[in-house]
Structure formats: structure tokens, C-alpha cells
Amino acid sequence: MTNRLLLAAALLFTSPFSQAALLDPFRNEDGSTRWQYVANFSSGVLIILLTLVVISLFVTWRRARRYNVELEAIRGHLEQRVQDRTAKLEHEVSEHVITTQRLQSSEAYIRNILTSMPLVLVGLSKDGTITQWNRRAEERSGISTEEAIGQNLWKIYPDITVTPKHIEQAIEQNEALTLRYSQPGSYHMDITVYPLEHTQEPGVVILVDDVTRQVIAENMLIHHDKLSSMGELATTMANDINPPLQAILFDLRNFQSLLESGKLQNTGADSAAEVERVQQLLQNASKNGQQVESVIRNLLDFAHGRNDSAQDANVVDILEHSLIQAGDVLSVPNAVPFRNIDIERHFEGEIPLAPCYITELQQVFLTLFRHAYQSLVDKSQRLGAEFTPCIKLYVTECYDALSIRIQHNGTGLDSDEQMHLFEPYMRKGNETKAAEEADKRLSFPYFVITEQHKGQMAVTSDPEVGTTFHIQLDLH
């Protein structure tokens, strides 16, 4: 604005018309100049102009000061933002450094895990290109990692059991594939092929585990269990055969002594008595021989009667047949025979057929009856005539299973005997004691029920009350 006023004043004074009009007050009538007026007017105009300049400068100064204050505020704000941003960048850089270190550490740790794995680990792409090859793979194949990475698996190691079809199958089905490669007597390998997930390109990982020692140990354990079960079965059969066989031998010795004495050649009442005694001995020997024959026939049926698949059968009929067998073979001198023991039957009206191996299940029931009979005889010898031995049989349908209970009131089992009842007995030194202990175990019936029939078997017992064997067989 000041510049505009000065410019207007300059134009005014420089204009010829304005000069003539403006200069009239400063001249006398004779045309001479009134210098006093000129000086006063000039001073006034100068003062006014200076005042305007001062005012303009003051306004400009105030404006500049305000701008400076605003600029200082902007500068401080910018400096603060720069400091905040710098601190944030420094924090982000430090986090990136820490993250990088962690990633490097994790990568080294994972690489160390893969390298140190006791399994052969091979990473493959979809087309069979090797992407991972650990140290165990180097040892087994004799090919270094540098030589293997990027090469086709079947070109550098054609002896591997895994085929391209296995790779395709694992990727298409998106499921792990397990293979077993064995060289009997040499080695056994478990091979697992599983697909990679969340990767840009499909691929698989092959794990090869040498399970030779594990397989050998499992085979030894199975062999040991079989020997223990067969030893238990042989002991049981020997105990069944021995009493009637000893009775036969005793009768034969008596018959031989009668022949040597010559009493059978005499005539008269004494001879008739001796002939009757011989007939009694022969009847006893024949009866005991039938018991031995029944035991042997049952053992042969058990050995040859196993079918490839389970058959639907009536468990009640199997129980009844086992009771008949027990009546033929179970007897102890000077004790009530099994056939004279009171048997209580508690069977439901409609018992569905259950899939089972009939001969094996008969052997299980016969073994349980033998175990119950021994407990009944033991308690009967302790209590005498006041004790009445009894066996109760229960067969009921429970949901999708068949529940079978064999209960007796003989001498029960203590907690330690219950704990080890279904375990094989390990032979330790004394042969007589080993046979007695093996005869008390029920590992063979437990194996038949739980492994062969996929059922369940348990025992509840009290030394003073008796014992109950619980068996559960699935109906489907």
C-alpha cells in the first residue's frame, strides 16, 4: 500500500498539469517562489511519508514476527516428528535385526535337526527333484548333499523302494503313505511319504526308518509270549492227564500183583472175590483212560479246529459243552469231582449269536472251570462238610456286546494274585513251583479273549467270598 501511495504522489508531481496547479500556492504574485511554504510543505509531506513508511515497517515487522513464531512452531513440530520417526525407525531396525537373528538361528536349528536326524530324510518336488538330503541319507546312499540337491532321485539312487506312483498318490490324496520294506534276516525299513502343505509348489518328504532292532525285539516278545502261553497250556494239560494216568498205572500194578500171586488160578470164594476186584480195576482203568482220551481229543481239537474267520455261535452251547468236558477231565483224589458240583445257570431267554472261534472259546471256559475247581477243592478241604461248592454262570446281552460271568464261592484271590493273574509266569529255578505257579495263571485265556476275539476280560475276587471272571464279547 505504501508503494502505491508513493507511486501516486510521484505521478501527481511529475504531471505537468498537476505541477501547475500544485505550485500556485508556493508562488508570489510576481511569480517568485515562496521557499518557506515549499520547505514547510515538503517537511510535512516527508513527515507523512516517513510516518507511513514507519507504520508499514511496523506492520511488516509484526507480520514477520508472527510468521517467525509460526515457523518456529512448525520447525519444532517437524523436529519432533523427525525425532519420533527416527526413534521408530531405530526400533524397527533393532526389531528387524533381532528377527533376522532369530530367523537365522531358527534356520540353523532346523537345518541341524534335519542333518542330525537318525532317519533318512529326502525332500522331493512333484517331478522327483531332490530339495532336501540329510546326513543319514548321505551315509545310507554314499551320495553327498551337494551331489544330490537338484538331481532326480531315481537317476542318482535307483535302488530306493519308493516309486513315482507313490509320490503322485501322496500328493493327490493329500495323505501320508506308509510302506514296509524288509529283507528277512537282514533288515526292516519303515518308509513314510507325506505331502507338504501350504507351499507354492507341491512336494513330498520321504522318511526312511531302520526298525530292524524293533522288529527283532517284537518278534522275540511275541515268541516269548507264545512259548509262555504254550507252556501254560502244556502245564494245564499235563495236570489234567496226570491224575487219570497215575490211576491207570496204579490199577495196572495191582492187576500185575494179582497175576503174580496166582490167586486168580484158584477156585472158590477167594477166587471170585479176586476176579471181582480185577474187574473193578479194569473198569477204573477204562474210565481213567477215557478221561485221558478226552483231554487229548480236546487238545487236538484246539490245535486243528481254528478257522480262518470267526463263526457265529451260541455262547450258551459252548458253555454247556465245556461243562461236559470239565466233568470228564476235572477230578482230584479224595475230593468231590467237578460233575457233582452244583451249577447255577442264569441265562437270558434270547441270547444272540456271537462271532467267535469255538474251539478256542471252549478252551477258555475249560481253563476257567479248572481254575474255579481248584479253588473250590482247596476251600472244601479247609472247611469240610459245612462247605457247599457252587459255580454260577451268567450270560446277558449288554448293548452291542455279550456279557459272560463265571462265579464260584471257592478260595478267592488276594490283590497281588489278581494283579498278576493274566500275566505269563516266568520260570525261575524250582520246576515244581514253576508248574504250580503257571497252573494258577490265566494269560492264555486272556490272550484268546483280548487278542483273538477283540473282547475284554477282568476278574473281581475276595479271598473269603470267591471269584468272578468277567468276559465281554462284541456282537458285531
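Is Arg75 buried, partly exposed or exposed? I looked this up first, and Arg75 is partly exposed because its relative accessible area is 48%, where buried means under 20%, exposed over 50% and partly exposed in between (1.4 Å probe, protein chains only).

Before going on I noted that this is a predicted model, in which local features need pLDDT of at least 70 and side-chain atom pairs count only at pLDDT 80 or more, while totals for chains, interfaces and linings use all residues. I also noted that residues are numbered from 1 along each chain as its sequence is written, and that side-chain values use heavy atoms, with hydrogens and water left out.

Entry on salt bridges. I took a salt bridge to be a side-chain nitrogen of Lys or Arg within 4 Å of a carboxyl oxygen of Asp or Glu, and I found 4 of them in the structure. In one of them Arg75 pairs with Glu79, with 3.1 Å between the closest N and O atoms. Arg75 and Glu79 lie 4 residues apart in helix H3, and so about one helical turn separates them; helices here are DSSP runs (H or I, at least four residues) and strands likewise (E, at least two), numbered from the N terminus. Glu79 is also partly exposed, at 39%.

I then turned to Arg345, which forms a salt bridge with Glu320 at 2.7 Å between the closest N and O atoms. This pair links distant parts of the chain, since Arg345 sits in strand E7 and Glu320 in helix H10 (residues 315–329), 25 residues apart. Arg345 counts as partly exposed at 41% relative accessibility, and Glu320 is partly exposed with 25%.

A further salt bridge joins Asp378 to Arg382, with the closest N and O atoms 3.7 Å apart. Both belong to helix H11 (residues 358–383), and being 4 residues apart they are separated by about one helical turn.

Entry on charged patches. I read a patch as residues with over 30% relative accessible area and no salt bridge, like charges being joined within 9 Å and nonpolar side chains (Val, Leu, Ile, Met, Phe, Trp, Tyr) within 5 Å. Arg62, Arg63, Arg65 and Arg66 make up a positive patch on the surface; of these I placed Arg65 in helix H3 (residues 35–116). A negative patch consists of Glu348, Glu397, Asp400 and Asp474, and Glu348 lies in the loop between strand E7 (342–347) and strand E8 (354–356).

Entry on cysteines. I found 0 disulfides, a disulfide being a pair of cysteine sulfur atoms within 2.5 Å. Cys356 is buried at 1% relative accessibility, and Cys390 is buried at 10%.

Terms used
Accessible areas come from the Shrake-Rupley method with a 1.4 Å probe; for residues, only the protein chains shown count as cover. Lys and Arg count as positive and Asp and Glu as negative; His and the chain ends are not counted. The place of a charge is taken as NZ of Lys, CZ of Arg, CG of Asp or CD of Glu.
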